[in-house]
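Reader: I'd like to learn how to read a few local features in a model. Can you walk me through some?

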Amino acid sequence: MKTEEDRKYEKEKELEELIEEMQDEADTMAFEEHAFMKEELEKHPEEPYKFNLHQQQFDNTKEKINEGTEILAETDRLERQKDDLIKERERQIRELDTLQRKVSELESVFVQTQNEWKEALYQWNGANQELALEKELLRELSIFAETYKESSDFAEVRQRIADVWIKKNGEIESELSVNDTESQNTKKELEEVRADLAEWENQKEPQPERSEAVICNRKRLDALGIPYQEFYKVIEFGDNLEEEACNRLEEALLKMGILDALVIDEQYKEQVLKTEQGCEDHYLFICKNSQKNLQPDRSLLDVLELNEEVNDIFSNQRLTGILGSIAYDSESLFTVAEDGTYGMGVLAGTVTGEYEAGFLGTKAREKHRQAKIEECRQRITELETALQQLEELHRKLSDRKVILRKEYENLPKDTDMREALRMLQAEERECEQLKRESDKLECQIRELVEILKEKKKKALEIAEALYLTCSYDIFKEAKKAAEEYGKHLISLIAAHEMYLRSLMYLRERKEHLEDLDADMEQIRYDLQEIQKEIRRKTEEQASIQEQLRLTDYEEIKERLDACINWLQEYPEQLRVCVSRQTHEEDEVGQLTLRLDENQKKIEEYEKKTKYFSECYDMEKALHYVEIPKEIPEDAAHIRSYLESDVKALDKDSVIRDLNKVYFENRGFLTDYHLMQNELFTEEEQTEFPAKRLDISARYQGVKISFASLLLHLEEDITELENLIKDGDRELFEDILANTVSRKIRGKINSSNTWVQKMNSLMNGMNTSSGLKLSLRWRSKTAEQEDQLDTKELVELLKKDYRLMSEDEAARLSAHFRSKVAEARRNAKDSAGMVSFYQIMKDTLDYRKWFEFQLFSQKNGERQKELTNSVFGTFSGGEKAMSMYVPLFSAVVAKYQGGREDAPRLISLDEAFAGVDNKNIRDMFRLMTEFRFDFIINSQVLWGDCDTLDALAIYQLIRPGNAKFVTVMPYLWNGHRKELLEHEEEVEQRGIELGQAEGV
């Protein structure tokens with residue numbers, strides 16, 4: 001009851017607090033209805049209040065507040081959006097300006113690429129040897145570049161040039177075809193002439209040309225067995241005939257058909273003159289007796305003779321009669337004149353006079369054969385020369401064809417133009433896109449301004465209706481207050497409802513309390529009756545327990561309790577025993593299996609122990625490790641002895657190091673045929689293999705271990721050392737003192753001369769600062785006691801060894817012995833990484849016997865060595881002089897060994913960096929005086945100094961990290977710098993300047 005009263009009091013206080021809090025919130029949102037509700041609740045809190053009407057009024061107010069808040073929030077958002085759009089518009093305007101500037105730049109770049117393409121086209125055309133275009137076509141192609149656009153098809157340009165290329169290529173192909181035809185004809189003729197040559201060389205005697213019918217007839221005569229003699233084979237020229245007369249006579253006989261005619265006996269006349277199909281020939285018969293009175297005064301018998309083959313009287317008579325019947329240089333029926341004209345009855349004829357006799361007589365025929373052979377050989381030479389010329393022409397034509405193809409392929413492409421146009425059009429499109437976006441943005445801003453006007457107007461109407469200031473912050477606070485007010489209103493309604501219920505509950509409790517008092521009186525009466533009954537039952541229990549105490553009741557009870565406890569514990573003990581029995585049976589089975597496995601392992605380990613013991617004995621027998629005698633020979637003691645040495649090693653690293661050393665030194669031991677073998681390899685030993693690598697070699701054809709090879713090599717080295725010591729004197733006296741000393745002496749003298757030239761050049765320089773530089777090549781001192789100073793060594797080397805005293809020869813030999821011993825020690829210390837030859841070469845390098853010292857001297861001061869401290873006192877110009885003057889002097893001294901017209905080329909990177917203009921002028925003056933042909937580059941240096949009479953300058957321009965470099969050629973003529981349009985003009989203007997200087 002009291003609790004409920006407390007709750008009622010709390011609810012009453014809660015109602016008061018809520019009303020006060022809601023008052024602040026109502027003031028914030030200007031909700032005047034709250035005052036009426038507050039007044040009603042404060043006057044009659046115990047009566048029910050109609051919150052529905054108040055809730056409806058609050059909801060209307062809250063709805064308008066939310067609407068106004070949303071409108072103002074939207075207005076604020078639109079204001080920010082408008083500001084963002086204005087900023088975006090300004091950004092786009094700036095970006096548009098940037099793009100327009102970029103478009104202008106790209107237009108310039110595009111025009112430049114057009115001009116570069118035209119320039120490249122003309123340069124390409126000018127450099128072409130074969131594919132030269134006409135000026136009209138070049139103009140058309142230039143117009144193509146000038147009007148180049150996106151729709152331009154470079155294939156048209158390539159097609160126009162391809163037409164020229166096809167035409168030129170066709171001309172070359174035609175010439176090649178003609179050349180091939182001529183080559184084939186020449187080769188064919190060459191083969192024919194070679195065949196004729198072979199035929200003439202294989203032919204014993206030459207014979208006149210015969211038709212197939214003549215050859216067929218002679219075969220027929222041979223088949224018939226008719227004897228005949230070929231006229232030209234049995235006749236010789238007389239000794240009284242000159243060569244020209246012989247030539248004309250034989251040609252006349254050839255034309256008359258007498259030269260190759262057959263001389264046949266009269267008895268076969270009818271038989272041979274019988275017509276035979278496919279056969280023809282000429283025959284000579286002796287004149288009959290009736291015609292003997294017609295024989296001329298002078299006949300062929302007077303100028304021709306019978307050769308030795310005519311050895312019977314009948315043949316002699318026939319031939320004599322035939323020769324006598326033909327007149328020579330006289331009138332007759334058959335006559336031959338001395339000039340070669342001939343007559344046969346009514347027929348007369350002449351000869352060419354160009355014929356060379358070659359058939360009459362054995363000698364003539366042989367001469368004729370040799371002449372034909374020589375003629376064939378000359379013709380072969382001519383044909384081979386012609387064939388070589390044709391092949392050379394074919395090669396040139398092929399080269400022209402290749403050049404034509406390369407020139408066509410090297411046609412400047414429109415890649416740069418198309419890329420520049422693409423970039424320009426891309427920027428223009430982007431510029432247009434940006435303009436469209438800017439216009440669209442402007443429209444959005446105008447629309448947004450109109451929307452803002454409408455929103456602000458509506459928000460102002462709502463604010464006036466609610467008696468609030470038209471501000472987003474005010475409405476936001478009002479909305480927040482309305483939300484809190486709504487929550488508090490709900491709490492107020494609930495609290496008021498709870499307050500009313502508490503009042504009702506208290507009234508009900510008062511009525512119920514009165515009923516409870518009546519019920520308590522009845523309960524107290526019933527309780528007294530129950531207590532009386534309990535006392536009676538207690539007395540009965542005590543009486544029964546007294547009776548049981550007189551019997552064994554306690555003992556029976558204890559035994560009965562013990563049996564009950566045992567029966568309760570037995571099932572658990574039974575389960576534990578059965579589980580233990582099962583577990584122990586499993587353990588027995590596992591122990592049995594492990595016993596068998598252990599027995600097998602024992603056998604395996606005993607086998608491995610035996611195998612490893614054998615391996616240990618064999619390893620020990622290799623003697624690769626020396627064990628002190630005081631160490632027992634069992635494996636355990638030896639293992640503990642070696643364990644400290646191999647503790648940090650593992651097998652893989654040892655094998656890797658062994659292979660590395662093996663392959664590094666195998667080349668030096670090639671003669672000993674080193675081989676890697678595997679020892680202790682047993683197929684059954686797989687889990688713990690005992691195999692190891694071993695190296696064997698062959699020494700004098702016998703296979704030995706590596707340890708034995710080392711012993712043999714040590715013996716060989718000792719023997720060789722003894723031999724070397726015995727031959728040292730001969731080596732130093734004959735080789736070092738004669739051959740090497742002579743070469744070193746020449747090198748040192750040449751170096752001294754070079755140093756003197758450098759000093760002469762440096763002393764002759766006229767520098768603006770008066771600084772003089774000189775060089776000294778100083779001898780080094782001896783490094784060891786048994787070695788000589790360089791100065792003393794050079795003096796001894798300059799002497800003839802045969803004129804040296806014994807003491808000088810001994811000191812020279814001792815010096816080089818010390819050097820060789822030092823080289824051997826160095827070779828040994830290098831672990832074979834450096835060859836003995838290389839170390840000996842470094843030891844005998846005479847350049848290491850000397851050191852250079854540079855001295856400087858200013859006007860009025862003494863000469864000082866140019867050390868770092870002295871160099872630090874110099875000015876910038878003097879430092880530059882001290883660096884470049886020795887360098888230039890060394891180069892000039894080196895170039896003086898060349899011809900007078902040899903170029904003196906030098907190149908300098910970032911030339912004269914850090915040198916002021918005055919000293920740069922002196923640097924160029926020095927290079928001019930030294931007549932250098934120089935190529936230098938610099939970021940700031942132009943080279944337009946009055947100490948240079950002419951200079952070609954090229955400025956390289958690469959704007960904006962472009963993919964191309966523009967070359968701007970200039971020419972310095974000693975007075976001013978001139979910009980040239982083309983690079984080719986630099987060389988031409990340089991020639992003109994040189995000619996002007998010569999005049």
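Reader: Which helix does S438 lie in?

Author: First, the ground rules: this is a predicted model, where local features need pLDDT of at least 70, side-chain atom pairs count only at pLDDT 80 or more, and totals for chains, interfaces and linings use all residues. Residues are numbered from 1 along each chain as its sequence is written, and side-chain values use heavy atoms, with hydrogens and water left out. Helices (H or I, at least four residues) and strands (E, at least two) are DSSP runs, numbered from the N terminus. S438 sits in helix α11, residues 415–466.

Reader: Is S438 buried or exposed?

Author: Buried means under 20% relative accessible area, exposed over 50%, and partly exposed in between (1.4 Å probe, protein chains only). S438 has 15% relative accessibility, so it counts as buried.

Reader: And where does V303 lie?

Author: V303 is in the loop between β4 (283–284) and β5 (304–306). V303 is buried too, with a relative accessible area of 1%.

Reader: What does V303 touch, leaving out residues up to four places away in sequence?

Author: Contact means heavy atoms within 4.5 Å. On that basis V303 touches E236, F237, G238, N240, L241, L249, R298 and Y328. Take E236: 67 residues from V303 in sequence, but 9.0 Å away C-alpha to C-alpha.

Reader: How do β18 and β19 pair?

Author: Two strands pair if DSSP finds at least two bridges between them. β18 and β19 (residues 966–972) have seven, in the antiparallel sense. I953 has Y970 in β19 as its bridge partner. The open sheet runs β18-β19-β20, with β18 (951–957) and β20 (977–979) as edge strands, each pairing on one side only.
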